[in-house]
Amino acid sequence: MPVLETLTPALTGLMMLANAGCPAQGKVDVDVRLDKRDSAYITNLTSQQLTAKYGRDPDSTLSTDGHWMVSGVTVVSEGGLSAQTKMSFNVLPDYKNNSACLTVDKVEYTVQYAPKIFIAQDYKDMGCRYSATLMHEKRHVQTDVRTFSDFFPDMAKSIRDTVQRAGAQGPFPYAAAPDMQKRTMDQINTDLKPVFDRLVELRRKRQAEIDTEANYIRDTALCPGQFPKFDGAK
């Protein structure tokens with residue numbers, strides 16, 4: 001799974017000590033949200049192909065039938081999970097000294113979730129099996145959405161803590177304002193990475209609770225007699 005694709009390596013620390021001439025960093029407005037993008041279900045790969053491609057992917061959710069072939073999978077490891085940070089700043093210029101101070105006004109942090117759901121081509125003409133597999137994958141997506149939402153408060157707290165630790169920055173040369181803004185964003189994203197790593201760990205745990213042998217057997221039992229040959233034969 002791509003983790004925080006929008007992050008860049010941390011730069012050398014923030015200018016955390018503000019001169020008395022700079023205003024104090026006030027309360028920052030933080031908005032953490034989910035951008036969920038659905039796409040059409042993909043049915044152009046056979047169960048054998050899905051098994052070969054995603055059977056060992058720790059961040060792809062699997063649905064199998066009684067023969068333990070992959071019949072469906074929800075994939076986020078191909079650009080389906082990333083994050084974007086947007087910020088607005090208050091830049092207070094001192095034209096007399098050609099300097100400026102910087103505080104953070106607002107941070108918008110968006111978790112971008114675009115899962116791809118694959119249903120094995122073998123099931124296209126098996127209405128019950130297709131529906132049962134799709135419902136299984138939808139449970140995975142619902143679990144993802146719940147997991148992301150559970151972490152939003154921790155993400156917001158991380159952002160606020162970083163901004164408050166940095167405080168008001170400056171005075172610095174006015175021309176350095178864009179670089180100081182970038183450094184602030186980089187530090188926020190760097191501090192968020194451990195939170196995102198914990199999210200990934202919990203996501204894997206919760207998804208594994210769906211992909212159990214008991215659930216596979218139950219889903220298979222919903223459609224007695226509907227077992228594809230897994231060799232391309234009709």
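User: What makes Asp-191 and Arg-165 a salt bridge?
Analyst: Their closest N and O atoms are 2.7 Å apart, and the rule asks for a side-chain nitrogen of Lys or Arg within 4 Å of a carboxyl oxygen of Asp or Glu, so the pair qualifies. Asp-191 sits in helix H3 and Arg-165 in helix H2, so this bridge ties together parts 26 residues apart in sequence. Helices here are DSSP runs of H or I with at least four residues, strands are E runs of at least two, and both are numbered from the N terminus.

A quick word on the source: this is a predicted model, where local features need pLDDT of at least 70 and side-chain atom pairs pLDDT 80 or more, while totals for chains, interfaces and linings use all residues. Residues count from 1 along each chain as its sequence is written, and side-chain values use heavy atoms, leaving out hydrogens and water.

User: Why is Arg-165 called partly exposed?
Analyst: Its relative accessible area is 48%. Buried means under 20%, exposed over 50%, and partly exposed in between (1.4 Å probe, protein chains only), so Arg-165 lands in the middle class.

User: And Asp-186, buried or exposed?
Analyst: Buried, because its relative accessibility is 4%. Asp-186 also bridges to Lys-182, with the closest N and O atoms 3.0 Å apart.

User: What makes Tyr-113 and Phe-148 edge-to-face?
Analyst: Rings of Phe, Tyr and Trp (its six-membered ring) pair if their centres lie within 6.5 Å; planes under 30 degrees apart are stacked, over 60 edge-to-face, the rest tilted. These two show 5.0 Å and 75°, so edge-to-face it is.
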